[in-house]
Amino acid sequence: MLKTRFDNYPKGKPFSTILGDFLGRGIFNVDGDLWRFQRKMASLELDRFSIRAYAFEIVCYEIKDRLIPLLSSVSGKGDGVLDLQDVFRRFSFDSICRFSFGLDPRCLEITLPMSDFAVAFDLASKLSAERAMTVSPLVWKIKRKLNLGTEKKMKEAIKLINILAQEVIRQKRKMGFLSHKDLLSRFMHSVNDDTFLRDIVISFLLAGRDTVASALTSFFWLLAKYPQVGSAILEEADRVLGPNQELTSYEQMRDLHYLQAAVYESMRLYPPIQFDSKFCEEDDILPDGTLVKRGTRVTYHPYAMGRIEELWGPDCLEFKPERWLRDDDGTFFPENPFKYPVFQAGLRVCLGKEMALLELKCVAISLLRRFQIQLVPSYQTPRFSPGLTATFSGGLPVLVLEKEPTVHQSS
Ligand code: HEM
């Protein structure tokens, strides 16, 4: 479905109609030539060294100037319970907006302000996901026609998003975009149509925001439950970067094998996108002989696949980063992406994987170095809320305690 018969399993019309008002013709929501064009253009840009350095700069700024001060401000306060999931959603929204648009919504400033853009974006994605849950698509289509209830709210939210996106594009055209490093400016070299530009960038925002927040939330939940993994991450960082040193470049991360293993292991158990569906275009037979009729919705399920004993062994339910390390030299061993389709696999594999890994690793090292993060004593095993991305219902309430200040700040 993802590999040999990729063209026979497009995302399909049912989903593109549901997400169409919000995402338009953006990469996340189209198939065929429209997808191929955006994929090629985006891959070219994302492979450039300059954009990786830009992503690193954004993430470091967001951590040093916002995330750390925020956690320090609640550290040691008896009533200083912090919802880490909310914090990570703010972190990833600021980061992906700056990366995609060159726009800073400042959601993670210390007062935790509400950003109109973030609220409208949240509402539009939540209501788009809810469309998929109505008994029949006719229900939301009629409500949309009559401009009623949730559909009215959705229209208003999308209007606000569009005004803001158009304003950013207009400003960039006026001021010149040639020297800007964000994705939108880069795409403006090859695309002239403003609506299309808006669609491309909004798709990136949706793809790169909740996924990263979800991965960070479950990673920190696991780190709180398995403190020995946090200690091993710091030991490796001390060895590779120098005692208490910060990451100073994107390249340094290549040598942090245990950290990479811990991040992969966390997403094996808690993939941000738990399942993903496609629609079969022409009758097909799967390798195991299953007949798939044209028009059937086919779903692969990374959450379930990560917990299958035949794939991962009898200890498949344990959080064990070591399973990703080679026995002889302790280096990271990447699994077949079709066994681990957390970022999907094949031609449509995630375009933001490197950016996502960068965010997870930088946040992990910075926070583990400075803070002890404990679950509030009453916290039970998390439950998920329904939606496009895995979200802990009720958030991740934690208590934060600052460690002795031995860290040397990088510039
Ligand atoms: C841990 C974080 C992330 C995970 C687990 C993840 C996972 C995925 C998955 C499963 C898909 C396939 C979805 C589908 O086709 O239905 C996907 C696609 C995509 N992702 Fe990610 N993603 C993450 C972060 C990011 C980030 C940070 C960005 C942006 C910088 C991004 C950009 C994209 C784009 C543009 C696509 C569409 C690719 C295409 O259709 O050709 N992702 N991602």
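The model is predicted: local features need pLDDT of at least 70, side-chain atom pairs count only at pLDDT 80 or more, and totals for chains, interfaces and linings use all residues. Residues are numbered from 1 along each chain as its sequence is written.

**Whole chain**
- The chain has 14 helices and nine strands (DSSP runs numbered from the N terminus: helices are H or I, at least four residues; strands are E, at least two).
- Its radius of gyration, taken over C-alpha atoms, is 22 Å, close to the 22 Å of the globule rule (2.2 Å times the number of residues to the power 0.38) for 411 residues, so the chain is as compact as a globular protein of that length.
- Of the 411 residues, 37% are buried (20 or more other C-beta atoms, placed from the backbone, lie within 10 Å of the residue's own).

**Helix α5**
- Helix α5 covers residues 116–131 and reaches 22 Å from its first C-alpha to its last, close to the expected 22 Å (1.5 Å times one less than its number of residues).
- Its buried residues include F117, F121 and L127.
- Down the axis of α5, the buried residues fall within an arc of 170 degrees (from the directions from the axis to the C-beta atoms), so they line one face of the helix.

**A three-stranded sheet**
- An open sheet has the order β1-β9-β6, with antiparallel pairing (strands pair if DSSP finds at least two bridges between them).
- β1 (82–83) and β6 (371–375) are at the edges with a single partner strand each, so one side of each has no neighbour in the sheet.
- β6 and β9 (residues 397–402) pair over five bridges; the partner of Q374 is L399 in β9.

Terms used
Buried ≥ 20, exposed ≤ 12 C-beta atoms within 10 Å, placed from the backbone.
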